[in-house]
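Open the model in your viewer and get your selection tools ready.

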Amino acid sequence: MTAPRPYALLAEITYRCPLHCPYCSNATQTRNDQELTTNEWVRVIREAAALGVLQIGFSGGEPLVRRDLPDLVRAAREANLYTNLITSGIPIEDGRVSALRDAGLDSVQLSFQSDKTDLADEIAGARAHQHKLEAAAKIRAAGIPLSLNFVIHRRNIDRLPELIELAESLQAERVELANVQFYGWAFLNRAALLPTREQVIRAREIAMAAQARLAGKIDIFYVLPDYYETRPKPCLAGWGQRYLTVNPIGDVLPCPTASSAIPDLRFENVRTRSLDWIWRESESFNRFRGTEWMPEPCQTCPQREIDFGGCRCQAALLTGNAANTDPVCELSPNRARVDAALRELNSLGDNALDWTYRVNPKVVTVNEPAVAARR
Amino acid sequence: MEIPTIADSAQPTLARGVRLQTDASTGNTVLLFPEGILELNESAQEILTRCDGRTVTEVIQALADEYDVDPTMLAADVRETLANLQRRKLIELT
């Protein structure tokens, strides 16, 4: 089928990260090939712009650990892309923020784990919170628009009013309150992270009230906890329709979590193929493009071009088949699997379970001697 | 949702971090902002390209002159567009 033009590229430039958040959506296992070099990324950025991409998000891992980040931002601006940095704010030494601003960085999305230092550091598995506050001040002082990103889960959802207050006090322009979605490490830690139904109902009220109160001042974006929904999220606005991700080793993914969630999908690499070919022709981008792949009840559903059958990764993780209807959908024959997870969690009461912290994969970096380690 | 009132003397400008740009793939004008792209329809584009320090009254007058219509015909539409953009924090009114 004919490929549409993409709008946004997520550039996961490294898997390395100084934080160990248990809700990370990165894969728990990654191939330890060499990270793309600066020149390779610059080529990817130019190819993406030529394909029609208008926005780039630099993410990871923690993109700040790549020393060449300002060079990549500059290349993206030269290609007329809108540049977002999605970061933990660590490490952000003096001079780093101004170097990024001078390179043309349009916006920073800074993650916080909580408003309270002890809880935030416990979630991050690192002494991070105070450094993040300093990072926010530096970003503000440099005049770069600031968004605060909070991943919401069982352990911090009750502090929603305080999280919104933190965003106000740091003068953020935008706040993302994103209920944790279960991929990668988060899927592994699902039982410890999934909020209770009671928590979710209260959180939604608080978020809606804050949206109304701060309208025109802070843009509050609330991401629903989809297990508690009855219809699936319109994941990616459809597979291979608007978004593409390039991961640290150059694999091109229709969705950042697809490499870990859908093991039978083979991904092409920018080292061997052009981005244009991968976007238009590759099996991975075409597998779930459009509506022809859809099973029932999606195939004849009036919602099929509204929610696109939901999330392929979620279908794969919960039913073992990425081509199934997202089991969050109440019409899915597999909805019982989501309900079982919710029932189990809600029966735990206040006893939160332990989680497993994210650990860094053994990635071969561009500064280290490359070990040929293709799987 | 309630539309906030906008003073005649307010000067709408793009909010910090928002870029107005031509989309090379389509030739259309788009607003780019954190995690978002808004493809502007013709009237929003006509309004926004005039938000360069002019007041709301002046923007309405400029559009009325351009299309040779009475400003009162356009005022409600312009205000509604500006209010929508302000609510999404894409413009600032100073």
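Begin by selecting chain A. Taking its contacts between residues at least 6 apart in sequence, 74% join residues at least 24 apart. Keep in mind as you look around that this is a predicted model.

Switch to a cartoon view of chain A, and you can follow 15 helices and nine strands. The radius of gyration of this chain is 20 Å, close to the 21 Å that the globule rule gives for 375 residues, so chain A is as compact as a globular protein of that length. If you colour by burial, buried residues make up 50% of the 375 residues in chain A.

Next, show both chains and select where they touch. Chain A brings 18 residues to the contact, and chain B brings 16 residues. On the chain A side, pick strand E3 (82-87) and strand E4 (107-112), each of which supplies at least two residues. Colouring the chain A side by residue class gives five nonpolar, eight polar and five charged residues.

Now hide chain A and look at chain B. Here three strands form an open antiparallel sheet in the order E2-E3-E4. Strand E2 (19-22) and strand E4 (36-39) of chain B are at the edges with a single partner strand each, so one side of each has no neighbour in the sheet. Direction ignored, neighbouring strands of this sheet are turned by 30° against each other on average.

Finally, zoom in on strand E3 (residues 29-33) of chain B, which four bridges join to the antiparallel E4(B). Select B:Leu31, and you will find B:Leu38 of E4(B) standing opposite.

Technical notes
Residues numbered from 1 in each chain as written. Chains lettered and ligands numbered in written order. Predicted model: local features only at pLDDT ≥ 70, side-chain atom pairs only at ≥ 80, totals over all residues. Contact = placed C-beta atoms within 7 Å. Nonpolar A, V, L, I, M, F, W, Y, C, P; charged D, E, K, R; others polar. Pairing = 2+ DSSP bridges. Axes fitted to C-alpha atoms, helices over the stretch in contact; angles between N-to-C directions. Rg over C-alpha atoms; globule rule 2.2 N^0.38 Å. Buried ≥ 20, exposed ≤ 12 C-beta atoms within 10 Å, placed from the backbone.
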